[in-house]
Amino acid sequence: MTRILGIETSCDETAAAVVDDGREVLSSVVSSQIDLHARFGGVVPEIASRAHVELLNPVVAEALVEAGTELDGIDAVAACHGPGLAGALLVGVSAAKAIALVADVPYIGVNHLEGHLHAAWLEQPDLQVPAAVLIVSGGHTMVVAMDDLDQYRVLGQTVDDAAGEAFDKVARFLGLGYPGGPAIDRLAATGDPTAIAFPRPMRDEAFDFSFSGLKTAVVNHVRHNPDAEVRDVAASFQEAVVDVLVGKLVAAADACHAKTMIIGGGVGANTRLRTRILDAATDTGREAMLPSPALCTDNAAMIAATAYRRLLSDGPGDLGGGADPNLRLPGR
Ligand code: KG4
Ligand code: ZN
């Protein structure tokens, strides 16, 4: 049995988890900094780094206690080493390396996006492959074809804003607060998704996405129609985003002959998106794997699970390795 302590500090969540054999989650602690950033309307990198420094030790301690283990029961320590905010990443990477040195166990650096790809397997270990995965967060929007946990390829990604970023910017413009995704999700449930025909950007162009034009379309519509019902604007905007996301996920699933469609990232918590993916799976005779929202949003269990695979395939990581804010996934 291999017990791994995982650490995640790439953005505004300070997280630690203990996972056995890349499968069994003994603990997963997430401390969100949303309250610290909300009044600025978005994540402030300097504030995020400082908060990680303050929060990481108690979060790691809590993860160990919840798992019923101590440091000497840990076989390896992993941290997300990118992509993400440089200063924020460095807090987790430095802490993980220090713990690995003290405990005399291997250190493993993990790609955050690979973590999102692996999250679904924590809840459903016997997932059928090939699988098409839609990663949609505040920083990323991409479709990935997976033949196995270690065999995957990015098919396409956003050329400008990420889907979550579009939700957050539109919500801010509509005065709905931060983070905008959950606010739009709630309000849209009461609105008419067909009220306004917003554009479906790049719907017919392979696997890439673009959301900045849609955001501008919302702003222009509200400026020209100041009496528009905010809930109808929210519902129509959300429907346009979801149409594009589901369309690309199905196209990716077709292209890689996927048996399963998977979602990951914070926007994966969106109610309408989850419903539409389930419908699309039924329509196309596939399984849909929608991880629980806690595994869609940033967490350290996905980091520890991915680290287990990396340890098996590549051995211990390099204690001299740093953080890479622009780390990519193989593919495009
Ligand atoms: O994956 P995540 O927790 O952090 C990043 O890696 O970015 O994703 C955060 C993003 C934010 O943009 C937030 O507005 C969005 O996910 N989000 C949602 C929902 N919950 C979170 N977007 C739409 N609907 C939701 N229910
Ligand atoms: Zn993420």
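**Figure 1. R50 sits in helix α2 of this predicted model.** Helix α2 covers residues 45-67. Helices here are DSSP runs of H or I with at least four residues, strands are DSSP runs of E with at least two, and both are numbered from the N terminus. At 53% relative accessibility, R50 is exposed. Exposed means over 50% relative accessible area, buried under 20%, and partly exposed in between (1.4 Å probe, protein chains only). R50 and L329 are 279 residues apart along the chain. Their C-alpha atoms are separated by 28 Å.

Residues are numbered from 1 along each chain as its sequence is written, and chains are lettered from A and ligands numbered from 1 in the order in which they are written.

**Figure 2. Helix α5 and its cover.** The helix spans residues 163-173. Its buried residues are A163, G164, A166, F167, D168, V170 and A171. An α-helix has 3.6 residues a turn, so residues three or four places apart point the same way. Among the elements covering the buried residues of α5 are strands β6 (131-136) and β7 (141-148). Helices α6 (180-188), α7 (212-224) and α8 (230-255) also contribute to this cover. G175 follows α5 and has a positive phi, near 75°.

**Figure 3. T260 in strand β9.** The strand runs over residues 260-264. T260 is buried, with a relative accessible area of 1%. Its contacts, leaving aside neighbours within four places in sequence, are L127, Q128, P130, A131, A132, E287 and M289. A contact means heavy atoms within 4.5 Å.

**Figure 4. Cysteines C11 and C80.** The structure holds zero disulfides. A disulfide would be a pair of cysteine sulfur atoms within 2.5 Å. The cysteine sulfur closest to that of C11 is in C80, at 10 Å, so the gap is too far for a bond. Seen from C80, the closest cysteine sulfur is in C11, again at 10 Å. C11 is partly exposed, at 25% relative accessible area. C80 is buried, at 1% relative accessibility.

**Figure 5. L319 in the segment after α11.** Helix α11 covers 301-314. L319 is partly exposed, with a relative accessible area of 38%. Leaving aside neighbours within four places in sequence, L319 contacts K97, L101 and Y107. E239 lies 80 residues from L319 along the chain. The C-alpha atoms of these two residues are separated by 46 Å.

Figure 6. Along the principal axes, the C-alpha atoms fill a box of roughly 65 × 45 × 30 Å. Buried residues make up 55% of the 332 residues. Among contacts with a separation of 6 or more, 73% join residues 24 or more positions apart.

Conventions:
Predicted model: local features only at pLDDT ≥ 70, side-chain atom pairs only at ≥ 80, totals over all residues. Heavy atoms only, no water.
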